[in-house]
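I opened the structure to look up a few strands and a pair of helices. My entries follow the order in which I checked them.

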Amino acid sequence: MTKTLAGKRAVITGSNSGIGLGVAEALAAAGAEVVLNSFTDRPEDHALAKDLGERHGVVARYITADMSKGADCRALIEKAGGCDILVNNAGIQFVAPVDEFPVEKWDAILAINLTSAFHTTAAALPGMKAKGWGRIVNLASAHGLTASPYKSAYVAAKHGVVGLSKTVALEVAGQGITCNAICPGYVLTPLVEAQIPDQMKAHKMDRETVIREVMLLRQPSRQFATVEQVGGTAVYLCSPAADQVTGTTISIDGGWTAL
Ligand code: NAD
């Protein structure tokens, strides 16, 4: 792959697994320096960054910061030394009826999935403005555009991420900085993969049937999106082809939101 992002530093929040790690992988493959993040500080977190850096021949670091805490979000950008590309990806989920939804779960989902992106964006923008170039890529979801029952906090947070992306895009339009939201449907991450055996047992179905008839009921393609597809979309949003793509959403949902 051509190293189109050489000289750019990317910070990807929540990137020691799943989509965040896939996006970091794609940006590193395109030549970007990458900063991985999560709230843990284990040897394996730092090893992940070391391995990624060595494989792609780029500088790669892991910085611990808890995206549920505003001060940590801002410190992440500061410790990284600023960034040219900011990917707000950290996210959690909890499912319950709205009148039974635990307040602490609501607060955590709003903090990690939405408010963290406010703090990191606020911290990263001055540096991007000074350079006259920046890319902010927010991981929203099909649930940023449509709803499902029992996911009130997640749907509210992801709709908020789409709104924040549009607002930031307008504030920096014409300054070489873009801000967009990627809206995946179900992506086959280790987290989703781990649910398949239980679903097979619960529904007494084989793997292919449970994926098609239960898990991907709302995804017309009946196929998972992949972390590589999300990573490729992030690289596209950082490319010159996307210079005028800002304040919008890109769905990777097999047709879910066309229904
Ligand atoms: P995941 O659980 O594999 O990844 C979530 C990441 O966030 C992990 O690296 C985790 O360590 C990190 N994280 C959690 N709490 C944190 C905190 N307090 N501070 C810092 N990091 C924290 O899940 P994923 O499926 O890769 O999801 C990544 C993003 O993509 C999320 O925002 C999610 O809502 C979104 N998304 C996922 C799917 C899907 O089907 N997997 C679909 C649409 C959107």
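This is a predicted model: local features need pLDDT of at least 70, side-chain atom pairs count only at pLDDT 80 or more; totals for chains, interfaces and linings use all residues.

Residues are numbered from 1 along each chain as its sequence is written, and side-chain values use heavy atoms, leaving out hydrogens and water.

Entry 1, strand S2. I looked up residues 33-38; six of the six are buried, so S2 is largely enclosed by the rest of the structure. Buried means under 20% relative accessible area, with a 1.4 Å probe and protein chains only. Glu 33, Val 35 and Asn 37 lie on one side of S2, and Val 34, Leu 36 and Ser 38 on the other. Strands here are DSSP runs of E with at least two residues, and helices are runs of H or I with at least four.

Entry 2, neighbours of S2. I found S1 (residues 9-12) parallel to S2, joined by three bridges; Arg 9 has Glu 33 as its bridge partner. S3 (residues 60-64) also runs parallel to S2, with five bridges, and Val 34 stands opposite Ala 60.

I read that the axes (lines fitted to C-alpha atoms over the stretch in contact) of H7 (residues 196-203) and H8 (residues 207-215) come within 9 Å and cross at roughly 85°. The two helices are therefore roughly perpendicular, a term for angles of 65 to 115 degrees, on a scale from 0 to 180 degrees between N-to-C directions.

Notes: Angles under 35 degrees count as roughly parallel, over 145 as roughly antiparallel, 65 to 115 as roughly perpendicular and the rest as oblique. Buried means under 20% relative accessible area, exposed over 50%, partly exposed in between (1.4 Å probe, protein chains only). Two strands pair if DSSP finds at least two bridges between them.
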